[in-house]
Amino acid sequence: MDAVSTQRACPFNPFSANNTAAYSLPGQLRSWPQREQAFAGQSCKAASIGLSWNCLGIGLPVGWRLGSQAESALHRLSFAPSDALQRAAQRAIIESDFHRVPRLHSVMTSIPSSANSEPAHKRARMTARALVRDGYAFIGRGWELELMLRRSGLLARAVGLLDEAQRQREAAGGPSDVAILHEATVHGVGELLAAANNELLPVARHYLGEDAEFSGYLLFRLPPKLSPRTYASAHWHHDRCGHRLKAYIFLQNVSADSHPTQVAVGSQDTLFYSYHRFAETRFADRYVRANYRVENMVGGLGHGFIFDTNSAHRALAGSGVQRDAIMLEYNARNKSATLQALDPKIPCPGVARRLS
Ligand SMILES: O=C(O)CCC(=O)C(=O)O
């Protein structure tokens with residue numbers, strides 16, 4: 001079949017010119033016409049072996065296995081098949097994350113059953129199931145983290161550190177609409193980390209694999225006014241790591257007015273077309289809203305959420321109230337090492353501070 005008849009038989013081509021509207025920085029997308037042509041040449045075969053796709057990425061068929069016929073088709077469908085870094089990054093992510101579909105079975109059988117387990121195990125099981133199903137899970141209910149945050153003085157200390165970072169920035173005449181980070185050690189954070197990791201590390205190991213590790217934490221504040229121009233995470237995006245988990249614990253009540261993180265529900269199992277170029281991983285709000293259910297990650301002080309950063313997600317920009325949170329990051333060690341060796345700018349792990 002030639003390219004023209006292929007196109008006729010398989011009409012949806014994500015790289016057609018008007019599909020740049022699915023991206024939030026369309027002017028920065030490269031080689032679009034070549035990709036349109038390359039995709040057209042492959043799409044019928046790809047569809048016949050069970051691959052499906054939208055403007056953001058590819059869905060793998062149930063029963064997919066690494067090394068199968070579908071794998072070579074996948075590489076040719078990616079954003080830039082001739083780009084060595086793209087190929088290598090995608091390969092590392094496929095080998096680590098997409099060698100078994102669906103993953104539900106292994107998660108459900110390997111977390112202790114609820115019949116005779118402790119409440120923490122029940123929560124872990126529910127968290128893992130929600131992650132697999134939706135790409136996120138709310139956390140904190142039943143942990144009494146608010147009490148711990150207040151009793152230990154950590155809440156006051158963390159908010160004080162963020163206040164101080166903000167004061168310093170204001171004194172230096174810095175902009176008021178960028179995120180404020182505190183990347184140094186927070187005295188007394190150990191009790192919170194121990195409680196969180198006790199709950200979440202087993203979930204991370206089930207979800208990401210046995211080499212999942214806690215990579216570090218970050219304290220940060222989103223200001224009342226937030227824009228995608230000054231906060232790149234206010235564009236819909238994925239984190240360029242494949243499956244990876246972040247947990248947020250709120251340091252105040254977070255509502256729809258507090259720039260909540262939003263998750264495109266169910267997008268976590270997408271093999272995105274690109275894992276290495278910034279603009280190729282930023283998506284348009286209209287496209288995401290038209291194609292996914294969007295969930296706000298809201299909750300009370302001491303509660304929070306955990307999510308797969310391979311989901312399309314963003315912080316809701318606009319005018320609102322500030323949001324303070326502590327973010328914990330969990331990465332698969334071997335995949336991180338491979339990705340970092342390919343390109344140290346790939347943010348996996350992304351937290352600046354390491355535990356050691
Ligand atoms: O600040 C937010 O809510 C979004 C953060 C984000 O994109 C991330 O943690 O990967």
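Student: In β12, which residue is the bridge partner of A264?

Tutor: V294 in β12 is the bridge partner of A264. Before going on, note that this is a predicted model, in which local features need pLDDT of at least 70, side-chain atom pairs count only at pLDDT 80 or more, and totals for chains, interfaces and linings use all residues. Residues are numbered from 1 along each chain as its sequence is written.

Strand β9 (residues 261-264) pairs with β12 in the antiparallel sense, over four bridges. Strands (E, at least two residues) and helices (H or I, at least four) are DSSP runs numbered from the N terminus. Two strands pair if DSSP finds at least two bridges between them.

Now follow the side chains along β12 (residues 294-297), which alternate. E295 and M297 point to one face and are buried. Buried means 20 or more other C-beta atoms within 10 Å of the residue's own; exposed means 12 or fewer, and partly exposed is in between, with C-beta atoms placed from the backbone.

T261 is one of the residues around the ligand, together with L222, S233, D239, K246, T309, H313 and A315.

L222 lies in strand β5 (residues 212-222). L222 is buried because 27 other C-beta atoms lie within 10 Å. Its C-alpha is 7.1 Å from that of V178, 44 residues away in sequence. Beyond neighbours within four places in sequence, L222 is in contact with A179, H259, A315, Q322 and R323. A contact needs C-beta atoms, placed from the backbone, within 7 Å.

K246, also in the shell, is in contact with M327. Setting aside neighbours within four places in sequence, M327 also touches Y217, L218, F220 and Y248. M327 belongs to strand β16 (residues 323-332). With 18 C-beta neighbours inside 10 Å, M327 counts as partly exposed. The C-alpha atoms of M327 and L218 are 5.2 Å apart, although 109 residues separate them along the chain.

Next, the packing. The largest nonpolar core has 78 residues, and A247 and I306 have the most contacts inside it. Such a core is a set of buried Ala, Val, Leu, Ile, Met, Phe, Trp, Tyr and Cys residues joined through C-beta atoms within 7 Å. Helix α9 (residues 190-208) gives the most to this core, with seven residues. At least three residues come from each of domain 1 (3-97) and domain 2 (121-342). Those bounds come from an automatic or database domain assignment. Leaving out neighbours within four places in sequence, I306 is in contact with T127, L131, Y136, A137, I139, L200, L245 and A247. Another core lies apart, with six residues, among them L222, L226, A234 and A315.

Finally, the whole protein. There are eleven helices and 16 strands. Buried residues make up 43% of its 356 residues.

Technical notes
Contact = placed C-beta atoms within 7 Å. Near = placed C-beta within 6 Å.
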